[in-house]
Amino acid sequence: MPKLNENYLKLENNYLFAEIAHRTAAYSEAHPDKPLIRLGIGDVTKPLSDIVVKALHDAVDDMASAESFHGYGPEQGYEATRKAIAGYYERNGVSVDADDIFISDGAKSDTGNITDMFGHDNVILIPDPVYPVYVDSNTMCGNQITYISANAENDFLPLPNHDQHVDLIYICSPNNPTGACYNKEQLKEWVDYALENEAVILFDSAYEAFISDPELPRSIYAIEGAKKCAIEFCSLSKTAGFTGTRCGYTVVPKELVFKASTGEEMSIHNMWNRRQSTKYNGTAYIIQKAAEVVFSEEGINECNQNIEYYKKNAKLIADTMTELGIRFYGGHHSPYIWFECPNGMDAWECFDYLLNEIQVVGTPGAGFGENGKNFFRLTSFGNYENTVEAMKRFKSLFAK
Ligand SMILES: *Cc1c(COP(=O)(O)O)cnc(C)c1O
C-alpha cells in the first residue's frame with residue numbers, strides 16, 4: 001500500500017460554493033415565482049473580443065497545413081507572446097524583460113505550483129481573508145502558514161510588521177475577495193521589508209486591468225527594488241475574458257538569486273525554467289496567438305470595453321452602498337465590492353436575508369477566512385440591468 005500525502009487530510013473542506021448552491025436551489029424550489037439575481041459570480045460573462053476570436057480562428061487554420069503547423073512549442077512560451085506582454089508592461093510604465101516572462105495556462109496553476117521553488121520550513125505570510133489557492137497549495141505540501149489580518153482597521157490592506165521575520169509573502173492587489181488595492185507607498189513598504197528580510201513576495205496581479213488611477217501600481221515592479229524580491233503572477237482571465245480559454249503569465253526576474261545552504265547561488269528564474277521544462281509542455285499555440293493580440297494596443301482597447309462594462313456595474317453597487325451608509329471596500333479598481341453586513345448580521349445571516357427578502361445571491365465573506373465572517377462579497381460580473389434591479393431592491397431593503 002502506498003503511503004499517501006497525508007497533508008491532504010489537513011485541507012479544510014471548502015463548503016462555500018456548495019452551500020451557496022444548496023441554499024439557493026432550496027429557495028428556488030420553494031419560490032419558483034421569484035427569480036434570483038446572481039451577484040456572486042466570480043467569473044466573467046462577456047464573450048471574447050472580435051480581435052481575439054479572429055486570432056483564434058487564424059491560429060486554428062495555421063494548424064491545418066503542414067507549412068504553418070506547430071507542434072511542441074518552447075516551454076517558456078513563444079517569444080512573440082512574451083514580447084507582446086513586455087510591451088504591455090512598457091505602456092503601463094514598467095519595464096520587464098521578455099526573457100523573464102513565462103507563459104502559463106493561468107495564474108491559478110502558477111500560484112499553486114510556485115511552492116516547488118521553496119523549502120518546507122519557511123515562514124509563509126498569507127493574508128486573511130484570502131484567495132484560497134495560496135492556503136491550500138501550501139497545506140498540500142505540508143507547509144505551515146502564518147496569517148496576517150486584513151480587516152476594517154487597516155482598510156483590508158495590512159502592512160508589514162517589522163518586528164517579525166518572514167520568508168515568503170503572498171499579496172493580491174487589487175484583492176480578491178476584498179477589492180482593496182495597495183498604493184505605491186504601501187507596496188514600497190512591503191518591498192523594503194522583503195529586501196531587508198531577504199524575503200520573496202508572491203504578487204498576484206490578476207485584477208490589474210481594473211485599475212483606472214494611473215497613480216496606483218498595476219505591477220509590483222512599479223516599485224524600485226522589486227525585481228530583487230518579487231515574483232508576479234498575472235492572467236488573461238479577467239483582463240481579456242480568458243477564464244475558459246486559459247492563459248496566464250508569471251514574471252520571475254533573473255535578479256532573484258539566493259544562497260543555498262551549501263553556499264552555492266541559486267537562481268529562482270533558472271529553477272522555475274527547469275521546473276516548467278520538466279512538468280509543463282507549454283501553453284497551446286492557438287491560445288498564445290490569441291494572447292499575443294490581446295496585448296496589442298487594439299486588443300487591449302477592445303478588452304477594456306468589457307472591463308468598463310463591469311466597472312460600471314461596480315460603480316453602481318459602490319454608489320448604492322455609499323448612499324445607504326453601508327461600509328464597503330473595493331468597487332473602484334476591482335470587480336468586487338466587499339461590504340460589512342448591516343444590522344450586526346454575520347455573513348451567512350446576511351446571505352439568507354438577501355436571498356429571502358430581495359432574491360439577491362452573493363458570497364458570504366466567511367468563505368474566505370476568519371476576517372470575512374461579518375462581510376459579504378458582491379461582484380460586478382453580472383449584467384447591467386440585473387445589477388440595477390438588485391441595487392433598487394437593496395435601497396428598498398436598507399433605506400432608513
Ligand atoms: C481569477 C483569479 C486568478 C486567475 O486565475 P486563472 O487560473 O488565470 O484563471 C488569479 N488570482 C486570483 C486572486 C483570482 O481571483
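**View 1. Leu316 is partly exposed, with a relative accessible area of 23%.** Partly exposed denotes a value between the buried class, under 20% relative accessible area, and the exposed class, over 50%, computed with a 1.4 Å probe and protein chains only. The model is predicted: local features need pLDDT of at least 70, side-chain atom pairs count only at pLDDT 80 or more, and totals for chains, interfaces and linings use all residues. Residues are numbered from 1 along each chain as its sequence is written, and side-chain values use heavy atoms, with hydrogens and water left out. Leu316 lies in helix 10 (residues 297-324); helices (H or I, at least four residues) and strands (E, at least two) are DSSP runs numbered from the N terminus. Not counting residues up to four places away in sequence, Leu316 touches Tyr384, Thr387, Val388 and Met391, where contact means heavy atoms within 4.5 Å. Asn161 is 155 residues from Leu316 along the chain, and their C-alpha atoms are separated by 36 Å.

**View 2. Seven strands form an open sheet with mixed pairing, in the order 2-8-7-6-5-3-4.** Two strands pair if DSSP finds at least two bridges between them. Strand 2 and strand 4 (145-149) stand at the edges with a single partner strand each, so one side of each is left without a neighbour in the sheet. On average, neighbouring strands of this sheet are turned by 25 degrees against each other, direction ignored. Axes are lines fitted to C-alpha atoms, for helices over the stretch in contact, and angles run from 0 to 180 degrees between N-to-C directions. Helix 3 (residues 79-91) packs on the sheet and touches strand 2, strand 7 and strand 8; the direction of helix 3 makes about 115 degrees with that of strand 2.

**View 3. Strand 8 (residues 248-251) is covered on both faces.** Gly248 and Thr250 on one side, and Tyr249 and Val251 on the other, are all buried. Strand 2 (residues 101-104) pairs with strand 8 in the antiparallel sense over four bridges, and Ile103 has Tyr249 in strand 8 as its bridge partner. Strand 7 (residues 230-235) also runs antiparallel to strand 8, joined by four bridges. Here Glu232 stands opposite Val251 in strand 8.

**View 4. Strand 5 (residues 168-172) and strand 6 (residues 200-204) run parallel.** Five bridges join these two strands. Ile169 has Ile201 in strand 6 as its bridge partner. Strands of a sheet pair through backbone hydrogen bonds, either parallel or antiparallel.

**View 5. The structure holds zero disulfides.** A disulfide is a pair of cysteine sulfur atoms within 2.5 Å. The closest cysteine sulfur to that of Cys303 is in Cys247, 12 Å away, too far for a bond. Cys303 counts as buried, at 2% relative accessibility. Cys350 is in no disulfide either, and its nearest cysteine sulfur, that of Cys341, is 4.0 Å away. Cys350 is buried, with a relative accessible area of 0%.

**View 6. The protein chain has twelve helices and 15 strands.** Its radius of gyration is 22 Å, close to the 21 Å that the globule rule gives for 400 residues, so the chain is as compact as a globular protein of that length. This radius is taken over C-alpha atoms, and the rule is 2.2 Å times the number of residues to the power 0.38. Of the 400 residues, 51% count as buried.
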